[in-house]
Amino acid sequence: MAKVEVREFTPAEMRHHRSEKWRDAPADVLPLPVAEMDFEIAEPIRNLLIEMVQRSDLGYLGPIPELGISFAKFAKNRWQWTLDPEQIHTVTDVGVGVVEVLRLFTKPGDKVLISSPVYHNFYTWVNETGVEKVDVPFLQNKNGWEIDFDGIKQAYKSGIKVHILCSPHNPIGRVYLKDELLQIAQLAHEHGVVVISDEIHAPLTFAESTFIPFLSLGPVAQGVGVTITAASKAWNIAGLKCAIVVTQNDAMSKRISALPPATHYRASLLGAFATATAFADCEPWLDAVLEKLDSNRRFLKKILNEKLPTVRYEIPECSYLAWIDLASLNLGENPTKVLLEKGKVSFNPGHTFGPHTGQFTRLNFATSQNVLTQAVDRMVQAL
Ligand SMILES: Cc1ncc(COP(=O)(O)O)c(C=O)c1O
């Protein structure tokens with residue numbers, strides 16, 4: 001089979017994009033926040049969308065067995081995980097999925113555990129549902145970021161209803177180990193906690209790490225776990241709006257079947273069929289994009305070492321988000337703001353991911369190496 005090429009957008013194309021990343025940025029600012037890629041989508045998805053638009057096939061979403069079947073095929077191929085495709089529910093996006101599942105399993109005021117730093121919308125979802133956020137931050141030590149199991153145990157004992165996991169982790173870039181996930185499943189089982197595992201970044205795990213789907217871990221995990229995932233991050237189709245809620249246990253599936261039926265057709269027809277195509281036919285594109293991202297994560301390390309040697313950046317194990325500690329630059333309370341104002345380069349500020357990471361910034365390296373070089377040059381200019 002011919003090797004798939006992933007084409008980078010040209011600078012002119014990027015500036016014409018209508019997505020948040022590009023619309024939000026004034027002309028003199030180079031934008032590297034928002035988790036979307038500056039790469040053309042996979043050809044099978046593009047062809048499908050063109051065909052559907054040409055036929056004006058743009059109605060409401062009805063039955064789509066292709067979605068469960070294609071995800072099961074992908075999960076088997078990628079993670080050796082055999083799953084029941086019948087236990088898959090369609091939702092608009094991961095955010096809607098988490099909010100709707102939280103509404104099913106909690107009432108306002110119930111406690112929900114998260115571990116900061118974490119993807120900023122975890123805070124939005126918790127606020128939206130009126131639950132009480134209990135934060136058990138990751139512990140940062142010389143080995144990197146570690147799960148605070150003692151903290152989690154204490155929190156579980158205090159009556160947590162739901163634990164939202166970000167697996168693999170945005171923004172830390174860590175892929176959880178099997179033992180860690182098994183421990184979480186066991187603790188959740190002992191304390192009657194439901195684990196929502198947000199696995200949207202999982203297909204973007206780099207070759208040296210092994211992603212373990214939470215629900216592949218056997219009956220204990222399946223008894224407590226609900227996975228919410230999408231093709232939107234890995235195949236760059238966030239604007240199409242579709243995600244899936246997965247269970248692998250009859251009792252859990254029954255609880256999830258109480259989701260409002262409308263959640264299904266609130267996903268878009270284009271998004272649902274593009275998602276099925278991504279899982280079924282677009283692994284070669286995914287492999288090609290991973291090759292590119294692998295090169296970019298190392299290239300970023302190289303140019304940061306050369307131009308800003310005091311900043312700390314550990315090459316992530318998944319996805320395309322660099323989590324960079326800027327404390328050594330002494331840029332005050334909000335270094336990301338200084339980089340924007342003085343360097344005209346935008347990233348996501350560390351404080352939006354958690355209360356202890358204000359000195360960090362999150363940079364999206366799913367772009368050309370030329371843009372990455374410009375971004376680091378602008379950081380230098382801001383000093
Ligand atoms: C961990 C995580 N979950 C969810 C999302 C957003 O997913 P959606 O657009 O499907 O709500 C993102 C986006 O970057 C993310 O990083």
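Where is the place of V131, given as a loop between two elements? V131 lies in the loop that runs between helix 6 and strand 4 (132-135). The structure described here is a predicted model.

**V131 and its surroundings**

V131 counts as buried because it has 21 C-beta neighbours inside 10 Å, and 20 or more are required. Apart from residues up to four places away in sequence, V131 touches L102, T106, P108, G109, D110, K111, V112 and V126. From V131 to S209 there are 78 residues in sequence, and their C-alpha atoms are 34 Å apart in space.

V112, one of the residues touched by V131, has its own list of contacts. When neighbours within four places in sequence are left aside, V112 is in contact with L102, T106, V126, V131, E132, K133, V134, I160, K161, V162 and I164. V112 also stands out in the largest nonpolar core, which has 115 residues: V112, V195 and I196 touch the most other members. At least three residues of this core come from each of domain 1 (11-43 + 283-381) and domain 2 (59-281). In soluble globular proteins, nonpolar side chains tend to be buried together.

**Packing of helix 5 and helix 6**

Helix 5 (residues 94-105) packs with helix 6 (residues 121-129) at an angle of about 40°, and the two axes are 10 Å apart. The crossing of helix 5 and helix 6 is right-handed. On the helix 5 side the contact is made by G95, V98, V99, L102 and R103, and on the helix 6 side by N121, W125, E128 and T129. By class, the residues of this contact are four nonpolar, three polar and two charged.

The domain assignment of the protein chain gives domain 1 (11-43 + 283-381) and domain 2 (59-281). Their C-alpha centres lie 25 Å apart. Between them, 26 residues of domain 1 are in contact with 28 residues of domain 2. On the side of domain 1 that touches domain 2, helix 13 (283-307) and strand 12 each supply at least two residues. Helix 13 gives the most to this side, with four residues. The side of domain 1 that touches domain 2 has 14 nonpolar, six polar and six charged residues.

**Backbone features in loops**

| Residue | Backbone feature | Loop |
|---|---|---|
| P117 | cis peptide bond with S116, omega about -5° | between strand 3 (111-114) and helix 6 |
| K344 | positive phi, about 55° | between helix 14 (335-343) and strand 13 (345-346) |

K344 counts as partly exposed, with 16 C-beta neighbours inside 10 Å.

Conventions. Residues are numbered from 1 along each chain as its sequence is written. This is a predicted model: local features need pLDDT of at least 70, side-chain atom pairs count only at pLDDT 80 or more; totals for chains, interfaces and linings use all residues. Axes are lines fitted to C-alpha atoms, for helices over the stretch in contact, and angles run from 0 to 180 degrees between N-to-C directions. A crossing is left-handed if the near helix is turned anticlockwise from the far one by less than a right angle, and right-handed if clockwise. Two residues are in contact if their C-beta atoms, placed from the backbone, lie within 7 Å. Ala, Val, Leu, Ile, Met, Phe, Trp, Tyr, Cys and Pro count as nonpolar, Asp, Glu, Lys and Arg as charged, and the others, Gly among them, as polar. A nonpolar core is a set of buried Ala, Val, Leu, Ile, Met, Phe, Trp, Tyr and Cys residues joined through C-beta atoms within 7 Å. A residue is buried if 20 or more other C-beta atoms lie within 10 Å of its own, exposed if 12 or fewer, and partly exposed in between; C-beta atoms are placed from the backbone. Domain bounds come from an automatic or database domain assignment.
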